[in-house]
Amino acid sequence: DCVYHSAPIILCVLGGMFAYKANVLNIALEGMMLNGAFVSILTYHLTQNMLLTLLLTVVSTMLYGLIFSYLGVTMKGNVIIIGLAINMITTAVAGFVLVVMKSANIILQNFDLNALKINIPVIEDIPVLGAILSGHPPITYFSFAMIFLMYVLMYHTKFGIYVRVVGESEEAAKSIGLRTDFYKYAAVLI
């Protein structure tokens with residue numbers, strides 16, 4: 001069960017690592033996670049469409065990332081204050097939407113989490129290992145695969161090298177012609 005619950009944290013940490021490597025302290029990660037959780041539940045409640053839910057969740061969270069990047073990177077604002085503001089705005093928006101809906105919370109009807117779970121044949125029958133490796137939704141497997149993919153992106157691609165150069169020495173990155181703001185934005189959006 002802890003493997004299943006680790007997926008959102010793993011994805012958040014991987015994204016936060018990119019921002020950190022680009023020398024951007026993304027304090028707004030909590031607000032972005034809360035936004036993703038709220039938008040996903042709200043969208044699925046209203047549409048019953050998993051693909052649209054995923055799309056709107058990613059787009060709305062990327063919007064918060066763009067706001068954070070614009071204020072923190074382009075406008076050179078204090079990222080601690082901007083991040084805290086985004087965290088508080090996200091909570092306020094969720095509360096406001098619930099008040100407009102005249103509801104204290106959103107309860108998903110006809111949603112079966114077990115229908116999303118992937119059971120891996122043979123592995124699911126192994127006594128202890130089966131419960132750890134099998135029977136999770138796709139996002140859990142995706143998050144663990146992203147650990148490897150993010151490692152490759154960060155340490156074995158030109159993009160990752162540039163992100164690290166921007167984070168280690170922005171002046172040196174500018175001197176070789178790198179668009180430092182672009183790499184900072186990209187790191188936050190990841």
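This is a short chat about a predicted model of a protein.

Q: How many helices and strands does the secondary structure come to?
A: The protein has 10 helices and zero strands. Read along the sequence, the pattern is α-α-α-α-α-α-α-α-α-α.

Q: What does the C-alpha trace span along its principal axes?
A: About 55 × 45 × 25 Å.

Q: And how many of the residues count as buried?
A: The protein has 190 residues, and 35% of them count as buried.

Q: What about the accessible surface?
A: The accessible surface comes to about 11,400 Å². Carbon and sulfur atoms account for 71% of that.

Q: Let's go inside. Which residues touch the most other members of the largest nonpolar core?
A: Phe 18 and Val 163 do, in a core of 13 residues.

Q: Which elements give two or more residues to this core?
A: Four names here: α1 (2-21), α7 (138-155), α8 (158-168) and α10 (180-189).

Q: What does Val 163 touch, not counting residues up to four places away in sequence?
A: Val 163 touches Phe 18, Lys 21, Ala 22, Met 154, Tyr 183 and Ala 187.

Q: Where do nonpolar side chains tend to be in soluble globular proteins?
A: They tend to be buried together.

Q: Now the surface. Which residues make the nonpolar patch there?
A: Leu 63, Leu 66, Ile 67, Tyr 70, Leu 71 and Met 75 make a patch of about 540 Å².

Q: Where is Met 75 found?
A: Met 75 sits in the loop between α3 (50-74) and α4 (79-100).

Q: Why does Met 75 count as partly exposed?
A: Because its relative accessible area is 48%. Exposed would need over 50%, and buried under 20%.

Q: New topic: Ser 60. Where is its place?
A: Ser 60 is in helix α3.

Q: Buried or exposed? I mean Ser 60.
A: Ser 60 counts as buried, because its relative accessibility is 16%.

Q: Which residues is Ser 60 in contact with, leaving aside neighbours within four places in sequence?
A: Ser 60 is in contact with Asn 35 and Val 39. The side chains of Ser 60 and Asn 35 are also joined by a polar contact of 3.0 Å.

Q: Last one. Among contacts between residues at least 6 apart in sequence, how many join residues at least 24 apart?
A: In this protein, 62% of those contacts do.

Definitions and conventions: Residues are numbered from 1 along each chain as its sequence is written. This is a predicted model: local features need pLDDT of at least 70, side-chain atom pairs count only at pLDDT 80 or more; totals for chains, interfaces and linings use all residues. Side-chain values use heavy atoms; hydrogens and water are left out. A nonpolar core is a set of buried Ala, Val, Leu, Ile, Met, Phe, Trp, Tyr and Cys residues joined through side-chain atoms within 4.5 Å. Buried means under 20% relative accessible area, exposed over 50%, partly exposed in between (1.4 Å probe, protein chains only). Contact means heavy atoms within 4.5 Å. Patches are made of residues with over 30% relative accessible area and no salt bridge: like charges are joined within 9 Å, nonpolar side chains (Val, Leu, Ile, Met, Phe, Trp, Tyr) within 5 Å. Accessible areas come from the Shrake-Rupley method with a 1.4 Å probe; for residues, only the protein chains shown count as cover. A salt bridge is a side-chain nitrogen of Lys or Arg within 4 Å of a carboxyl oxygen of Asp or Glu. A polar contact is a pair of N or O atoms within 3.5 Å; within protein, one must be able to donate a hydrogen and the other to accept it, and residues adjacent in sequence count only if both atoms are side-chain atoms.
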